[in-house]
Amino acid sequence: MLEAVEDMLPGIGERTAQADAERRLPDATVKEIANSGVMRLLQPKAFGGYEANPVAFYEAVLAIAERCGSTAWVTGVVGIHNWQLGLYDEKLQQEIWGENQDTWTSSSYMPGGKLTRVPGGFELTGRWSFSSGSDHCRWVILGALEMQEDGPPTTYNVVVPRTDYVVEDVWHTVGLRGTGSNDIVIDGAFVPDYRALTKTQVYTNDAPGRALNTSPLFGMPFTTLFPSAITSPVIGMAKGLIDLALEYQGTRVSRAHGKMLDADPYSVAALGGAASIVDACRRQLLGNIGDIYDTLMAGGIPTTDQRSTARRDQVLGTVRCVAAIDDIYDRQGAAVIREDHPMARFWRDAHTAKHHTINTNERTLHSWAHNAMGLGPSESIV
């Protein structure tokens with residue numbers, strides 16, 4: 001699988017400018033990703049998936065991100081959805097993959113919609129932002145609220161077919177332009193009960209799809225898998241920028257001093273420091289995921305400490321890699337500020353990725369420390 005990913009990286013790299021200009025992934029890139037099988041790594045075997053070790057999936061995302069942040073972002077986020085759909089009723093999985101096992105599903109988890117109970121399910125109305133890869137998807141997972149008379153609302157993740165929603169083209173951004181993270185608009189769609197799970201069911205994997213998909217993979221915490229799909233592209237982008245800087249610094253001549261820039265000890269040392277940070281973030285992210293997966297394979301249940309540590313290292317992986325990108329990018333001179341320069345694209349994309357709500361680091365660090373003191377996590381995304 002990883003060899004197949006390596007084979008498609010040159011083409012993905014060549015189409016980064018096209019992805020930015022079109023504000024969506026090029027069709028050729030989408031076709032290559034589908035043909036490589038990457039999106040099936042976490043998909044149920046019952047519907048053509050591989051139910052692979054999740055570490056392999058994130059290794060693929062990391063590699064893609066070294067060439068194109070937008071492509072890696074869509075691969076990571078949409079690929080995780082193929083795991084999440086395995087938690088839903090088998091009837092929904094059949095609807096999505098019965099005719100085409102390469103069908104993709106986008107998402108927008110913030111509860112931008114209102115659910116009204118009707119016979120057999122719900123009526124759904126709302127607007128959702130930031131649905132990455134939505135141009136290439138035939139279904140969408142949406143966060144929505146059902147209001148309760150005697151308590152707080154219940155949050156659901158509902159799944160809706162393309163025939164019931166409109167993709168509104170609003171994606172004009174500083175970075176991650178190729179992700180096509182447009183708005184989803186729905187006015188009164190019917191959502192059958194079997195296409196709805198509460199957020200609690202998703203977070204705890206206490207869901208009907210587990211009767212069919214019994215692999216330890218489907219015991220992985222959503223609160224580990226999805227955040228890691230947001231951070232792994234950032235780590236990969238940082239590696240991609242450092243590789244470019246290593247090549248650039250080795251040939252660049254200072255106009256001010258007429259000397260090769262590889263003689264600048266400060267810039268050269270910074271490359272070493274940044275590379276170490278990025279490598280450490282990669283090892284932590286893959287190590288934590290692998291540790292949780294090994295626990296499940298051995299018949300155990302991931303502990304709160306394992307999940308909390310994975311969340312801590314995930315959010316700091318984003319923070320540290322964006323800081324490393326800034327440090328190196330700032331030392332490359334004026335030539336790299338051109339909009340079409342690949343270093344500028346990595347810089348823009350990484351900063352845009354950092355703005356995802358999953359990367360609010362202070363809340364996560366507080367939660368880890370709160371748990372380490374024996375008080376339990378203070379955030380729900382653990």
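Q332 is buried, because its relative accessibility is 1%; buried means under 20% relative accessible area, exposed over 50%, and partly exposed in between, with a 1.4 Å probe and protein chains only. This residue sits in the loop between helix 10 (304-329) and helix 11 (342-354). Helices (H or I, at least four residues) and strands (E, at least two) are DSSP runs, numbered from the N terminus. A polar atom of the Q332 side chain is 2.9 Å from the backbone oxygen of I328.

A word on the basis. This is a predicted model, where local features need pLDDT of at least 70 and side-chain atom pairs count only at pLDDT 80 or more, while totals for chains, interfaces and linings use all residues. Residues are numbered from 1 along each chain as its sequence is written, and side-chain values use heavy atoms, with hydrogens and water left out.

Strand 5 pairs with strand 6 (residues 182-192) in the antiparallel sense, over 3 bridges. In that pair, V166 stands opposite V185.

Now backbone angles. F130, in strand 2 (residues 121-131), is not a glycine, yet has a positive phi of about 65 degrees. F130 counts as exposed because its relative accessibility is 61%. R23, also not a glycine, has a positive phi of about 60 degrees. R23 lies in the loop between helix 2 (16-22) and helix 3 (27-36).

Technical notes. Polar contact = N/O pair within 3.5 Å; in protein donor to acceptor, adjacent residues only side chain to side chain. Pairing = 2+ DSSP bridges.
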